[in-house]
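Here's a quick look at how two chains meet. Have the structure open as you read.

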Number of protein chains: 2
Amino acid sequence: VRIDVFFHGGAAGQSDLSGRVVLVIDVLRASTTIATALHNGARAVVPFEGVDEATARARTLDRREVILAGERRMVTVPGFDLGNSPREFTGEVVAGKTILLTTTNGTAAMVAPQGAAEVVIGAFVNYTAVLALLRGAARAGTSLSIVCAGSGGRFTLEDAVCAGRFVRGVSRRGIQPELGDAARVAAMIDRGIGGDVEAMLRACDHGRELIAAGYEADLAACAGVDTHPVVPVLRDRQLVPLAARKRR
Amino acid sequence: VRIDVFFHGGAAGQSDLSGRVVLVIDVLRASTTIATALHNGARAVVPFEGVDEATARARTLDRREVILAGERRMVTVPGFDLGNSPREFTGEVVAGKTILLTTTNGTAAMVAPQGAAEVVIGAFVNYTAVLALLRGAARAGTSLSIVCAGSGGRFTLEDAVCAGRFVRGVSRRGIQPELGDAARVAAMIDRGIGGDVEAMLRACDHGRELIAAGYEADLAACAGVDTHPVVPVLRDRQLVPLAARKRR
């Protein structure tokens, strides 16, 4: 099996994803927010690329069952119920609700994959749960593509570190995947500076932007490893928690 | 001053380049080929994004003074005089000639920068010569943007290692630039695996593709540090050697 990492959403073509398990990562903040919402009881999170699409969908649904959420330039979209801060997605707010979410980079990367065997959303907060799925797929001979949301077509450190942690986690105990250039580098980055996740988030470009915009408390929420152990998977264009399977 | 690195040509927008010294890197093989050609006496190298553009330009020029060169999928474009193997660009072949060059990723990244204070082409073969220009610019307060050609909008290891070596070379002895995420990571990658350049080129994705396509000998040519000490700069859409300035 092979693991490829793509440092921004646009880097992965359909042939890179077809038949593979595709893991989409946007640590700051969409994938953290999605895992938080689903772990706190949201029924589903529906990712949208554009604000207009999300708004149009909301009009077709019972507003009591739906939460419209998202950001542009880090700030809550005007008229939306919530922004993209994982701390907003508490059980009181989201339990039983369907969340329509649109963010600057993350949700676009989540709706793009075509022909994937499975689309999974990962972050630090659900690392070990997602890793178990990836290792199962790799053992069964399925290659992995890890798509970092990045920012505007560019590399972001926090997504690369998280991607590298997944690469390292899969490449252990009996699994020796072939790694492309970006996968090798991601693993190296995580080894080099992934040790203190919160410090890394505070030092990276987007972390500093979030601090400047008043979202400093989000960094600790995004840095918590395994705080929200859920595996969000795409089913019929909605992200839902993977049902816990019985052990045989 | 600030140093930003972009891991593929499309990642850098005009605002990222405006007023900066822009270094374009395509180690395998365009920037190595350009430095080799200019050091061996070519009058100029004119980069083209497309084969048709290069061919059309050749028709307007005296064919005795022009060499049409380039590759697609690593192989010499049919009907062209030369491919993109630096070993082809010997003094006997290129001295006094203008080379029209089009390659899959590198030359497109070279024609794109608009509004840059200076566009420079770098590789391992002209590292120290180019570094001197970059350090001079940084000392004078000009920020740097290092654009890796990458491959089809993706990260490539060899360009990132070379970019990181330039980042490290500038960030020494009295210059402490602010580094973006990608610049930090590039420096880390060079520190981690840049020690043996030829071994790195043999192990990276595109190096393995070149070996498989029969271009193994090019890797040693591209790995030679400072073998072709010339600083190719863009002047009126042509790459020419920066004239050696007198010391004051």
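## Ground rules

A salt bridge here is a side-chain nitrogen of Lys or Arg within 4 Å of a carboxyl oxygen of Asp or Glu. This is a predicted model, with local features needing pLDDT of at least 70 and side-chain atom pairs counting only at pLDDT 80 or more, while totals for chains, interfaces and linings use all residues. Residues are numbered from 1 along each chain as its sequence is written, chains are lettered from A in the order in which they are written, and side-chain values use heavy atoms, leaving out hydrogens and water.

## Bridges across the interface

By that rule, two salt bridges cross the interface of chain A and chain B. In one of them, Arg154(A) pairs with Asp16(B), and the closest N and O atoms sit 2.3 Å apart.

## How much gets buried

Contact (heavy atoms within 4.5 Å) takes in 27 residues from chain A and 27 residues from chain B. Together the chains bury about 2000 Å², 55% of it on carbon and sulfur atoms; buried area is the accessible area (1.4 Å probe) lost on putting two parts together, summed over both. Arg154(A), Asp181(A) and Met188(A) supply 29% of what chain A buries against chain B, more than any other three residues.

## Symmetry

Superpose the copies by least squares on C-alpha atoms of residues with pLDDT of at least 70 in both, and a rotation of 180° with 0.0 Å of shift along its axis puts chain A on chain B (RMSD 0.0 Å). The two copies are thus related as by a two-fold rotation axis. Ile189(A) comes closest to that axis of the residues of chain A, at 3.9 Å (C-alpha).
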